[in-house]
Amino acid sequence: MEQNMLRDLEHRCIQEEPPYCQTACPLKVDARAFCAAMAQERFDEARKILAKTMSLPDILGRICDHPCQSACIRAETGGAVELGRLERACLERTSPAAPPLRLPAKGKTVTVLGGGLSSLVCACELAKKGYRVLLGFTGTLPGGRLLSLPEETLPQNILAETWAFLQKLGVTRSSEEPLSLPALREGEAAYLGMDDPALAHLSTVGAVDSATYETTIEGLFAGGFLRNGSSSPVWEAADGKRAANSLDRFLQGASLSSGREKEISNATRLHTPLRDVASIPPRNDSAEEAQRCLQCECRHCVRECVFLETYKRYPRAYAREIYNNFAVVQGYHQANRMINSCALCGLCETLCPNDFSMADLCRAAREELVERGLMPPSAHEFALLDMDHANGPRAAGFRPGRTATKALFFPGCQLAGTMPEQTEALVSFLDERFSGTLGVLLGCCGAPAWWAGRRDMLQKVLDTLRETLKSLGNPPLILACSSCGDVFRRLLPETSFLSLWEVLREKGLPPGHPLPNPLALHDPCTTRSLPAWRNAVRDILRALGQPFEELSMTGETTRCCGYGGLQSLVDPDLAKKGVRRRLEESDKDFLAYCAMCRESLSDSGKPVAHLLDLFFPPEAPYEAVGFSARQTNREQLRRRLLGTCDLPPDPWEDVDLIVSPDVRRCLEERHILDSDLRRTLWEASNSARLLVSPEGRMLATSRIGNVTFWVEYRTEGASFRIVNAWSHRMTVEVLS
């Protein structure tokens, strides 16, 4: 991954953007963190958060005009969080902290004219930076307009304490009286606080730069002006703080404007979805009121995706981690697991206002791991071998139409594997509708290779498909699997295809057998960009009279079943977590129209019908088929639809297995196929290389490809009862 790509990805993710309240505040007070502390009644911590950006919290916290409150998006669901009231409550419960440490003296003097809030803040900030500050004000106490505020709003002792606080920081009073421009000559630079009515006679200081507060008079800065014709305490404080920053830069000979964008900007790209946010009105209790804060952040994708949620980060952090994986640790195994666990379903991209795609990121990372030789074969090998089987001569092939080939039905490897009888019935129905001009193509579209980052294997599959279609005159494809549709749309764009459901809607439906109860309709994640596909399914259900309900995450925002991106093979627990979340969206039985969605969702035990069940009802309730049965079904369907292949049968095909349901589930979880068991037992029987326990159980082993299989069994007549089986990737030598 190049750094430019990393930068682009990081910029797309807005999780680290400041919240709306903080952006609206000219002082950039972290109101989100402040509310979090107040909500837990950690008042001292809350005060520290205020003081971090608010120079004189005991004054401003009591009189702040809180523009942050106007920006609070809680206003749409019960009313804005009353941040001004929370600030005052915090100050009434806490005591001022000790004066902060000063930086070493810089040997320069700044004159700050005015006793208003902007001048007090400016003096405070400059003193902390190590400048000698002379504060010029009239009367006995600084405060300007603050001196006239009611006691209940701002107790006068606060102003006295503030003056004492500034004096502890080293601020001294200017000897100039009355205040005048010549007083500026006391130091190397000066600030003019126009929020002090006593300085009204000095208002003609010339133009003032709104970003740097520099006037047209060399070394003179000014702030504390009215905003929209009114005084604003928080802006007066911000003027003083920003002007102090400018004065520091001026006296050090630095640029007055460089690198101050975040200090001045009031923009944020943050997007906080309010879906599912309950409306709660303001509370009198300060902690309860603070608890109404939404703690604004994006994390929309994280909340809706079990993969992102499980790894407890957000896309920007993932991008950085993946970059470091390549640049620093060179394919750290744990990081590879994260990269390989994404379902590549595209939900994050749909939800993200900036189209951040974890699918593109993880798929590109997988391809790079493969190219560098860092991808462990255990990650995807089983799926790739299954794809090879689906495209092998025993399961794949094509049959042209009887009279011509005007369309080619491509059921896909998973429909053929999980529902062979219904696939055969469907072929027969379509054949009639197309009057003998329908061809049939069996095989896999190459999606597993694409998901695994194996561009070489994917290209081989695509080239074969392209040549096959060319040899048939490039007829349009009728696709039953939306994953195939996604692959053809992206990788074979020259191919013309329609979904099976669009064709059935156009050509007429088989006799229907709708179910009496409403079903929860699950869209495959690969239809996210195929609206015609989804619409056709809904039209069919209405025509059929099948009641159904939409799930909360449907259509473009549908959730993945866990099979996408090979997630269920890399991290089966994560995939199961996603299935549970999906099924929790409705207490009704589900309806799917993707074979693998049906297979994944059914594995939880919940009834899940396939759309084809409503036309070709199965003889028995559907149960997840499993890997071995899917391969067997594909081969049998191939023989029924296309005839036998030219290959001779494997010598171990007749090995008869007895497998209990518990052992079968274990075999499925360990990705051990019946063909692996048969070959291992056949080799053991023919070589006598096996171990026999005193109880009569036998243990055989064989190495097939990269995997060493161990099979524990008993013989029952001519059959083999499987007791246990496991596998691992190492070479084992058995001594006889």
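## The second largest pocket

In this predicted model, the lining of the second largest pocket has eleven nonpolar, eight polar and ten charged residues. The volume of this pocket is about 840 Å³. Its lining is made up of 29 residues, and those closest to the centre are Lys 576, Asp 603, Ala 624, Arg 665 and Glu 668. Two or more lining residues come from each of α27, α28 (572–583), α29 (595–602), α30 and α31 (661–669).

## The largest pocket

The largest pocket has a volume of about 1,500 Å³. It is lined by 50 residues, and Leu 385, Gln 631, Leu 673, Ser 675 and Asp 676 lie nearest its centre. Sorted by class, this lining has 17 nonpolar, 17 polar and 16 charged residues.

Both helices and strands contribute to the lining of the largest pocket. The helices that supply at least two residues each are α16 (333–341), α19 (381–390), α27 (567–570), α30 (627–642) and α32 (674–687). The strands β18 (707–716) and β19 (719–728) also supply at least two residues each.

## Helix α18

Helix α18 covers residues 358–371, which is 14 residues.

Ten of the 14 residues of α18 are buried, so the helix is mostly covered, buried meaning under 20% relative accessible area. Among the buried residues are Met 358, Leu 361 and Leu 369, and also the residues Arg 363, Arg 366, Glu 367 and Glu 368. Just after α18, Gly 373 has a positive phi of about 75°.

Methods. Residues numbered from 1 in each chain as written. Predicted model: local features only at pLDDT ≥ 70, side-chain atom pairs only at ≥ 80, totals over all residues. Heavy atoms only, no water. 1 Å grid on protein atoms, 1.4 Å probe; cavity = no way out; pocket = protein on both sides within 12 Å on 5 of 7 lines; lining within 4 Å. Points joined across faces, edges and corners; volume = space filled by probe spheres on them. Helix = DSSP H or I, 4+ residues; strand = E, 2+ residues; numbered from the N terminus. Nonpolar A, V, L, I, M, F, W, Y, C, P; charged D, E, K, R; others polar. Expected span 1.5 Å × (residues − 1). Buried < 20%, exposed > 50% of the residue type's maximum accessible area, 1.4 Å probe, protein only.
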